[in-house]
Amino acid sequence: MKQRNKILITGSGGFLGTRLCRHFEKMSEYELIQAHREQPDLSDQEGVLRFFQTVRPDYLIHCAAISDLRACEEDPKGSYQVNVEYTRNLARACSSYGVKMIFCSSDQVYLKNGVQTPHQETEALKPPHHYGKQKMEAEELILNHLSDAVCLRLSWMYDFVKLSSWEHDQLYVILQNALKNHETLSFSVHDKRSITCVREVARQMEKTFDLPGGVYNFGSENQYTTYEVVGRMLEIMNADPAVIIKDEKAFSDDPRNLCMDLEKIRKYGIDLQDTLTGFQDAFERFINQ
Ligand SMILES: NC(=O)c1ccc[n+]([C@@H]2O[C@H](COP(=O)([O-])OP(=O)(O)OC[C@H]3O[C@@H](n4cnc5c(N)ncnc54)[C@H](OP(=O)(O)O)[C@@H]3O)[C@@H](O)[C@H]2O)c1
C-alpha cells in the first residue's frame, strides 16, 4: 500500500490552522500531524529536531505566529521570538530532515513601500511595523536555509463562521454582528487590499507543495476600495447597505494599497478567485450547504 504523505501544521488551533486541518483531514492521501503550542516547544531547537526525527513529516505548513499587529507593536521582543526565532528553528529542522516548508507570510510586508499598483514579489520592501519586519526577516532566513521553501504572502482572510470563542472576529462575522445589532461600521475609501476567503486558501494549499522555492503572493486580487468591497458584499448578502458608512479620513494623507498581483503563482497553475467573485461563490456555497 502506498504510504501517505505526512503534513505537519503548526498553529493548528488558530484561524487558518483549523481550516487547513479540516480540509486535509478529509483527504485520505495525507496523514495530518497537528502541532500545538506545547508540542513541540518551538523555542527548543533540539526538541524541534527530535520531534521531526520521530514524526518525519513530508511537508510543514507553518501557521504559528503572533499574527496581531498591535500585539507585535506592544511586545516586539516576544513577537520576534515567535515570528522569527521559532521559524528559524523549524527551517533548520526542515533542512535536516528534507521537509518541504510552506511558510505563512503576509501582505503587510508591502506596507508603505511606495508602490500604488498591485504588488509584485520582486518589489523592495520597507514595512514600518514590527509584524511586517518580522515576516520579511523570516522569509529571508527561511530561504537562506532552504532553497525549496515556499513563502506565501497571505492577505486579510475571512470565513463565514467562527470556530471557537477565542477566534478573532473577521470581516463577515463583523458584518453579521453589525447587522444583527443595528450598528454602523465605517470603511475607508482610501484603502485597497486583497481580501480572501480562507476556504479558498485551504483548497489551493495542496498545490503549493509543488511550487519551486521562493516567495509568492497568495491572496485574492482586488481593484476596489475596502468601502466598495464591503458594499458589494452586502448586496450579495441581500443585506441592508446602511450598515456601512464611508470613512473619508482614514488613509487620506497616505492611501494604503495592499493589493497583490498573482501573475507569478498563476504561471504554476494556481489561481485564486478575485475578492468579489470569491465572496459571491463562497457565500452561495455557504448558504446552500
Ligand atoms: N488571518 C489572516 O487574515 C492572516 C493574514 C495574513 C497572514 N496571516 C498569517 O497566517 C498565519 C496564520 O494566521 P492566523 O490568522 O491563523 O493566526 P492566529 O489565529 O492568531 O493563530 C496563530 C497560531 O499560532 C500559535 N502560536 C502563537 N504563539 C505561539 C507560540 N509561542 N508557540 C506555538 N504556537 C504559537 C497559536 O497557538 P494557540 O492556538 O495555542 O494560541 C495559534 O494557533 C500567521 O502566520 C499569520 O501571520 C494571517
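Helix α1 gives the most to the shell around the ligand, with three residues. Helices and strands are named here from DSSP runs numbered from the N terminus, a helix (H or I) having at least four residues and a strand (E) at least two. The model is predicted, so local features need pLDDT of at least 70 and side-chain atom pairs count only at pLDDT 80 or more, while totals for chains, interfaces and linings use all residues. Residues are numbered from 1 along each chain as its sequence is written.

## The ligand shell

The ligand is surrounded by 19 residues, of which the closest are Gly11, Gly13, Gly14, Leu16 and Ala65. By type, the shell holds 12 nonpolar residues, six polar and one charged. In this division Ala, Val, Leu, Ile, Met, Phe, Trp, Tyr, Cys and Pro count as nonpolar, Asp, Glu, Lys and Arg as charged, and the others, Gly among them, as polar.

## The overall fold

The protein contains 10 helices and 12 strands. Its C-alpha trace spans about 55 × 40 × 35 Å along the principal axes. A compact globule of 289 residues would have a radius of gyration near 19 Å, and the protein agrees with this because its own value is 19 Å. The radius is taken over C-alpha atoms, and the globule rule is 2.2 Å times the number of residues to the power 0.38.

Of the 289 residues, 39% count as buried. A residue is buried if 20 or more other C-beta atoms lie within 10 Å of its own, exposed if 12 or fewer, and partly exposed in between, with C-beta atoms placed from the backbone. Two residues are in contact if their C-beta atoms, placed in that way, lie within 7 Å. Among contacts with a separation of 6 or more, 79% are between residues 24 or more positions apart.

## Helix α4

Helix α4 covers residues 76-97, and its 22 residues should span 32 Å at 1.5 Å a residue; the end C-alpha atoms are 31 Å apart, which agrees. The expected span is 1.5 Å times one less than the number of residues. The helix has a kink of about 30°, centred on valine 82. The bend at a residue is the angle between axes fitted to the seven residues ending there and the seven starting there.

Valine 82 is also one of the buried residues of α4, which include Ser79, Asn83, Tyr86 and Leu90. The elements that cover these buried residues include α2 (45-55), β3 (59-62), α3 (69-74), β4 and α5 (130-145). Just after α4, glycine 98 takes a positive phi of about 60°.

Leucine 60 lies in strand β3, cysteine 104 in strand β4, and aspartate 148 in the loop between α5 and β5 (150-154). The table gives their C-beta neighbours.

| Residue | C-beta neighbours within 10 Å | Class |
|---|---|---|
| Leucine 60 | 25 | buried |
| Cysteine 104 | 25 | buried |

Leucine 60 is in contact with Leu8, Leu90, Cys94, Val99, Met101 and Ile102. Cysteine 104 is in contact with Leu16, His62, Cys63, Ala65, Leu152 and Leu154. Aspartate 148 touches Lys100 and Gly213.

Cysteine 104 and phenylalanine 218 are 114 residues apart in sequence, with their C-alpha atoms 9.5 Å apart. Aspartate 148 and leucine 234 are 86 residues apart along the chain, and their C-alpha atoms are separated by 41 Å.

## Backbone features in loops

A cis peptide bond, with omega of about 0°, joins glutamine 39 and proline 40. Proline 40 is found in the loop between β2 (30-34) and α2.

Histidine 182 has a positive phi of about 55° although it is not a glycine. Histidine 182 lies in the loop between α6 (171-181) and β7 (185-188), and it counts as exposed because it has 9 C-beta neighbours inside 10 Å. Asparagine 238, also a residue other than glycine, has a positive phi near 60°. Asparagine 238 is placed in the loop between α8 (226-236) and β11 (244-247), and its 7 C-beta neighbours inside 10 Å make it exposed.

How values were computed
Near = placed C-beta within 6 Å. Lists of a residue's contacts leave out its neighbours within four places in sequence.
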